[in-house]
Amino acid sequence: MCIITALVSFIEYLGDQIHYLIAGDHKFVFSVKGSIILLVIAKTDEPINHLYHQLGHVYSQIISILTAEANNILLRKEGYDLRNLLGDANRFFDGLTSVMDHDLSIFHQSIHCLRLDPLARKAISNALEISHHQNLLFSILIAGHQLVSMVRPKTYALQPGDIQLIMNFVHSSSAFRVGNESWTPICLPKFSDTGFLHGYVCFLAPKVCLFLLSTKQESFFELSTCKKVFMEEMTLCDGLVSIVNSLERRGYSVSELGIPPLLHFLFKYKGTNQITHPRFEAPYVDRKERKRLFRLYQRIHRRSRGPYIQHKIYFQRNL
């Protein structure tokens, strides 16, 4: 670590910033966030900008636990080990790195929504609205790593990066069990990196989580009442049954589009930062083939969203 710090400091002394190094088959990608230095060493064919983007997610994970005060601590106490404050946070970083290794929404900075019948989704969203309380800022219903519905004020919004942090947060901790109610602080860096919001967490079924956010630390019981009202409405519309059934179907098949030559696709709607893609089927049935497809999407994304050259149409032979 001392060598890394010295290298970064030396480059800064020369009036420049270090971004990456390439040594043989290895890429060393740096991200300097104030007093925090992040480094990823990769021996994959991932684009450098995607590795840099992954470091941004890791930094956001740190801030979600400590807020931006982490940088101030390092400024006051040079050489301080942040692991003393992060405590048992490895499970969050492990969960995050696992998701970044296979989730197509990560490098597209978007959200994957659970496929539901429009009427069912509308009924679920209405249930969230009916259960609203004045101390409630955001109501979020999650199924796996997919968004089911979210209710928010008109004046505030959550960026995809913050929603992905929430999904990783609730699914990486064994403390959140089905039926249990939990109350926890969480910082959402894109929303505000200077303080904590307070989250009510309750798993309604395996992989189905209700996450309610408030600015008031003493709002647990009010939000617990919101959950009870929500569940009453969900029972009336069979909303939870619809969600569980959709999870069991594991998305949709590319064959449903009726385009025989098409093996897989990814579509992003910029208006809502949402993506959709079919489940992985032949020939992408084993880990090696799925990883090859994932790397191909990364390459296409880099070519179509690069800092210097952006292609509207990209065609590659011999896939």
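Which residues in H2 meet Phe92, Phe93, Leu96 and Met100 in H5? Select Gln54, His57, Val58, Gln61, Ile62 and Ile65 in H2 to display them; contact here means heavy atoms within 4.5 Å. The residues of this contact divide into seven nonpolar, three polar and no charged. In this scheme Ala, Val, Leu, Ile, Met, Phe, Trp, Tyr, Cys and Pro count as nonpolar, Asp, Glu, Lys and Arg as charged, and the others, Gly among them, as polar.

The model is predicted: local features need pLDDT of at least 70, side-chain atom pairs count only at pLDDT 80 or more, and totals for chains, interfaces and linings use all residues. Residues are numbered from 1 along each chain as its sequence is written, and side-chain values use heavy atoms, with hydrogens and water left out.

**The helix pair**

Next, select residues 48-66 for helix H2 and residues 90-100 for helix H5, whose axes come within 11 Å and cross at roughly 155 degrees. That angle makes H2 roughly antiparallel to H5 (under 35 degrees is roughly parallel, over 145 roughly antiparallel, 65 to 115 roughly perpendicular, the rest oblique). Axes are lines fitted to C-alpha atoms, for helices over the stretch in contact, with angles from 0 to 180 degrees between N-to-C directions. Helices (H or I, at least four residues) and strands (E, at least two) are DSSP runs, numbered from the N terminus.

**Leu66**

Remain in helix H2 and select Leu66. At 14% relative accessibility, Leu66 counts as buried (under 20% relative accessible area; exposed is over 50%, partly exposed in between, with a 1.4 Å probe and protein chains only). Apart from neighbours within four places in sequence, Leu66 is in contact with Leu82, Leu85, Leu86 and Phe196.

**Aromatic pairs**

The whole structure holds nine aromatic pairs (rings of Phe, Tyr and Trp, the last by its six-membered ring, with centres within 6.5 Å; planes under 30 degrees apart are stacked, over 60 edge-to-face, the rest tilted). Select Phe92 and Phe169: their ring centres are 5.3 Å apart and their planes lie at 15 degrees, so the pair is stacked. Phe92 lies in helix H5 and Phe169 in helix H8 (residues 160-172), so the pair ties together parts 77 residues apart in sequence. Phe92 counts as buried at 7% relative accessibility, and Phe169 counts as buried at 9%.

Move to Tyr252 and Phe265, with centres 6.5 Å apart and planes at 40 degrees, so this pair is tilted. Both residues, Tyr252 and Phe265, are buried. Finally, select Trp183, Tyr200, Phe220 and Phe221, which form one aromatic cluster.
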